[in-house]
Amino acid sequence: MNLELLVGHPSGSPLVADYLTRRPSALAFFRGDPTLAASYAAAAEAVAARFDRAARARAVDCIYAPTPAVRARLDRLVEEDGFFVTTGQQPGLFTGPLYSVYKALTAVQLARALEELLGKPVIPLFWVASEDHDWREVDHTYAVSVANELQRVALDNAPERGDRPVHRVPMGDAITPVLEEFLSLFPDNDFKPACARRLRSAYAPGHSLGEAFIRVLADWLGPLGMAFVDASSLPLKRASRTQFTAVLDGSVEQEALLGRTAEQLREAGYHVQVPILAGGVNLFFEGSSGRERVYRSGSDFRLRHSGELLTRRRILAASDADPRVLSPNVLLRAVVEGTVFPVVSYVAGPGEIAYFAQLRGLFDLCGVRMPVVHPRFSVTVIEPKIRKVLDKLDLSVQDLARPFGELAGRVVQEDIPDGVRQALGDLRGGIGRGVEELSRAAATLDPTLKGPARHVRTVAFDALEQMRRKIIHSLKREKQTRLRQLEKAQVHLYPGGGPQERSLNACYYLMRYGREFLDALHDRFSVRLARDGSHAANIAGVGSFRG
C-alpha cells in the first residue's frame, strides 16, 4: 500500500482550538489536561471508588464482544478492576463518514497507552447511538466513483421511519438496490469481494442501520480489541433507569446548572454548542408520534412536537413496559455512559469537545466524575494519483481547501508564454523585412516580380497565424487537463468543500487497499502522555506517513 497519511487533530471552534493548545481558559471547563498522565490516573482513582466487581459485571453484561479475545479481556476487566475508554457515533449508512473509524482507532490506541499507565485492563468501547431519530444525518453516504466524481448514495425508507429511532426501523427491501449502487462505484480488484460480502451480510432488509453498523465495525475493529454497546440494548436501558428517574425529578436543578455553565462559557468568549431550552428535560420519550424531547408542563410533562401531556407515573409505567421508550439527550448521554461504565476517558470529535465543556457541573450533580476528554485523530489520506496531481500543479493539501474558481486562475495559464510570443513576433518581423528586401531586389530584374514576393509574405503570415492558433488550442487543451486534474484532487481531498473525513466512506479505501489501510492507521495513531508533570509536545503523535 502506497498511501500518504497526514495525521493531526480536527479544527473546530475557538473553544476547541484553545482546548487542543491547553489554554487555561478552556481547560477550566473540563476535568484534567488530556496531555498529562496524571489526569487519567486521577480519573481512574475516582472511577474505582464507584465501581466494585458487581458494578463492573453489570456493565459488561451490556456489552457486545465481537471476538473471543475481547470477551476474555472483558472478563479480566471485571476480575482485575479495569476501565474503559469510550467513544461513539450514530450508525451511518455503510458505516458513514471516515471519522467514525478514526474515533474508534484513537480509542484503541489510547486504551493501550492507559493500560500501560494504570496497570489495569483498559478496553476501548464504542457506543452506537442507535436511538437517534434524525434520519437525515444517517441515511446517506458519499464515495468517489471510478470516474473521480463525488456520488451521494441514500436509503429512502421514509414511509417506515418518520421520527422513529433508527433501531426501531428495519432497512427493508430498499437497502438492496442502494447497496448495489454503492458497490458499483468501486473498481473490481482483489479487495472488493470480501468487503462486498461483509456489507451484503450486514446491510440486509431485516436489519436496522444500527445492527448493520455494529456488524461491519465489529468485523473491522474487533481484531484490534474494540467492544461495542448498542444504546438501545435492554441491559443498558435497565442499568440507566435510576438515572432517568433522577432526571425527571431533578430537571429544574439540572436546567439551572446548565444555564449557569452556558453563561460562563459566553463570558469566557466561547460559543455554547448545545442551547439550553427553557423547560427542557434531558430526556426523549418515544410515543405514538415517534421520539420526542420531554418538557416540563406544570407538575407534569409534555412532548415537544405532538404536545402530548404525560404524567411522571405514565412515563415510568411506559418505561417499565418497554425500557427503550426513554433515552438521554446529547448532554445526558455522556453522564449515563459514566454511570453505567467505569469510564476513564472519552475520545471526542470537535463538536463533542465543545459540548463536553458544558457538562462538568452536570456530571458532579449526578455523582459521576467527568472523564478526561481526549481529541480524536484527524487524517487526510493522499493516494499516489492525487499526490502526482498536487506535485504537477505545485499545490499543497491546504491549497485545495480554497474555492475551485479561486484555484483555477492559479493553475491554468491562458496567455501565450512570453518566449513563444517573442519568437512569433521576431519571426513575423523577419519575414516582413526579408520579403521587402526580396521584392526590391527582384524588381530591378522585373517589376512584375513584386506581386509574387508579396504573395510569399501573405502565405508565410497565414502559416504563422495557423501556428499561433495551434499554440492557443494546445494551451486551451492543457488548461482543460489541468482543470480536470484540479477537480479530481479537490473531490478526493475536500469533497463538497469540506475535509474528506467528514463525508467520504471508509469502504472507499478498504475496497482499494484492503485491511492494510486500517492497520496503517492503527500503527500511525500513537498516543503519548507526559508523566513528569510537563506538558507533552502534542496531545498525540501527528505528522505524515507514507506506507
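Helix α13 covers residues 251–267, and at 1.5 Å a residue its 17 residues should span 24 Å, which agrees with the 24 Å between its end C-alpha atoms. The expected span here is 1.5 Å times one less than the number of residues in the helix. Keep in mind that this is a predicted model, where local features need pLDDT of at least 70, side-chain atom pairs count only at pLDDT 80 or more, and totals for chains, interfaces and linings use all residues. Residues are numbered from 1 along each chain as its sequence is written, and side-chain values use heavy atoms, with hydrogens and water left out. Helices (H or I, at least four residues) and strands (E, at least two) are DSSP runs, numbered from the N terminus.

**Helix α13**

- Buried means under 20% relative accessible area, exposed means over 50%, and partly exposed is in between (1.4 Å probe, protein chains only).
- The buried residues of α13 are S251, Q254, E255, L257, L258, T261, A262 and L265. They cover an arc of only 165° around the axis, which puts them on the same side of α13. That arc is taken from the directions that run from the helix axis to the C-beta atoms.
- Over on the other side of α13, you'll find V252, R260 and E267 exposed.
- What do the buried residues of α13 pack against? Their partners are the helices α1 (14–20), α12 (234–249), α15 (330–340) and α17 (360–365), plus β7 (280–287) and β8 (290–297). Contact means heavy atoms within 4.5 Å.
- After α13 comes G269, with a positive phi near 90°.

**Helix α6**

- α6 runs over residues 99–118, and its 20 residues reach 28 Å from first C-alpha to last, close to the 28 Å expected at 1.5 Å a residue.
- Of those 20 residues in α6, 15 are buried, so the helix is largely enclosed by the rest of the structure.
- G119 follows α6, and its phi is positive, near 70°.

**The loop between α5 and β2**

- E80 sits in the loop between α5 (68–79) and β2 (83–89), and D81 lies in that loop too.
- Is E80 buried or partly exposed? E80 is partly exposed, because its relative accessible area is 34%.
- E80 touches K120 and P121, if you skip residues up to four places away in sequence.
- E80 and G119 are 39 residues apart along the chain, and their C-alpha atoms are separated by 9.7 Å.
- D81 has a positive phi near 60° in a residue other than glycine, and at 35% relative accessibility D81 counts as partly exposed.

**Another positive phi**

- R22 isn't a glycine, but its phi is positive, at about 60°.
- You'll find R22 in the loop between α1 and α2 (24–27).

- Rolling a probe the size of a water molecule over the atoms shows where empty space is left.
- On a 1 Å grid over the protein atoms alone, a cavity is a set of points where a 1.4 Å probe fits but cannot get out, while a pocket is an open set with protein on both sides within 12 Å along at least five of seven lines; lining residues have an atom within 4 Å of a point.
- Grid points are joined across faces, edges and corners, and a volume is the space filled by probe spheres set on the points.
- The structure has three cavities of 30 Å³ or more, and the largest cavity holds about 40 Å³ of space.
- Residues lining the largest cavity include E131, H167, F284 and R324. β7 gives the largest share of this lining, with three residues.
- The second largest pocket has a volume of about 350 Å³. Its lining has 19 residues, with H9, S378, T380, Y494 and P499 nearest the centre.
- β1 (4–8) and β14 (378–382) each supply at least two residues of the lining of that second largest pocket.

- R324 is in the loop between α14 (312–321) and β11 (326–328), and it is partly exposed, with a relative accessible area of 26%.
- Leaving out residues up to four places away in sequence, R324 touches H167, R168, S232, L234, K237 and E286.
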